[in-house]
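Trainee: Please put the model on screen. I would like to go through its strands and how they pair.

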Amino acid sequence: QVQLVESGGGSVQVGGSLRLSCAASGYTYSSSCMKWFRQAPGKEREGVAAFYTGGGSTSYAATVKGRFTISQDNAKNTLYLQMNSLKPEDTAMYYCAADPTPASMSGFDCYIRSYKYWGQGTQVTVSS
């Protein structure tokens, strides 16, 4: 049974930092695309950052590039999203998604693909 469990959300002031975690189990973590999405109230879900677990290739949305960093801990099957210089517009529910892949992928390929497995989300609120 695939499980993706996000944690690390919370409330922070403008300019602050948070680190989100996504603990994965139940599938071949070592060869998979993973991606962070977010959805603010009344807005469509949008991609934030993607990661290929087999090689570490990454891809970011323009709105977060330079502020957010996606990374992993292979030993813990855990994906992270380090968020720095947070802005009010970063306020959203953040979701982790995963899709096992049989072949090596680039970060861009992981960014544009569809995702099979989803976590329950963790709320991030940035206040001024």
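Trainee: Which glycine in the turn of the hairpin formed by S4 and S5 has a positive phi?

Mentor: This is a predicted model, where local features need pLDDT of at least 70, side-chain atom pairs count only at pLDDT 80 or more, and totals for chains, interfaces and linings use all residues. Residues are numbered from 1 along each chain as its sequence is written, and side-chain values use heavy atoms, with hydrogens and water left out. Strands are DSSP runs (E, at least two residues), numbered from the N terminus. S4 and S5 have six residues between them, and the positive phi of about 80° belongs to glycine 42.

Trainee: Which residue in S5 stands opposite methionine 34?

Mentor: Two strands pair if DSSP finds at least two bridges between them. S4 (residues 32-39) and S5 pair in the antiparallel sense over six bridges. Opposite methionine 34 stands phenylalanine 51.

Trainee: How many residues of S5 are buried?

Mentor: Buried means under 20% relative accessible area, with exposed over 50% and partly exposed in between (1.4 Å probe, protein chains only). S5 spans residues 46-52 and is mostly covered. The buried count is six of its seven residues.

Trainee: In the hairpin of S5 and S6, which residue takes a positive phi?

Mentor: S5 pairs with S6 (residues 58-60) in the antiparallel sense over three bridges, and alanine 50 stands opposite serine 59. Five residues lie between the strands, and the positive phi, near 90°, is taken by glycine 56.

Trainee: What is the bridge partner of serine 71 in S8?

Mentor: S7 and S8 (residues 78-83) pair in the antiparallel sense over six bridges. The partner of serine 71 is tyrosine 80.

Notes: Helix = DSSP H or I, 4+ residues; strand = E, 2+ residues; numbered from the N terminus.
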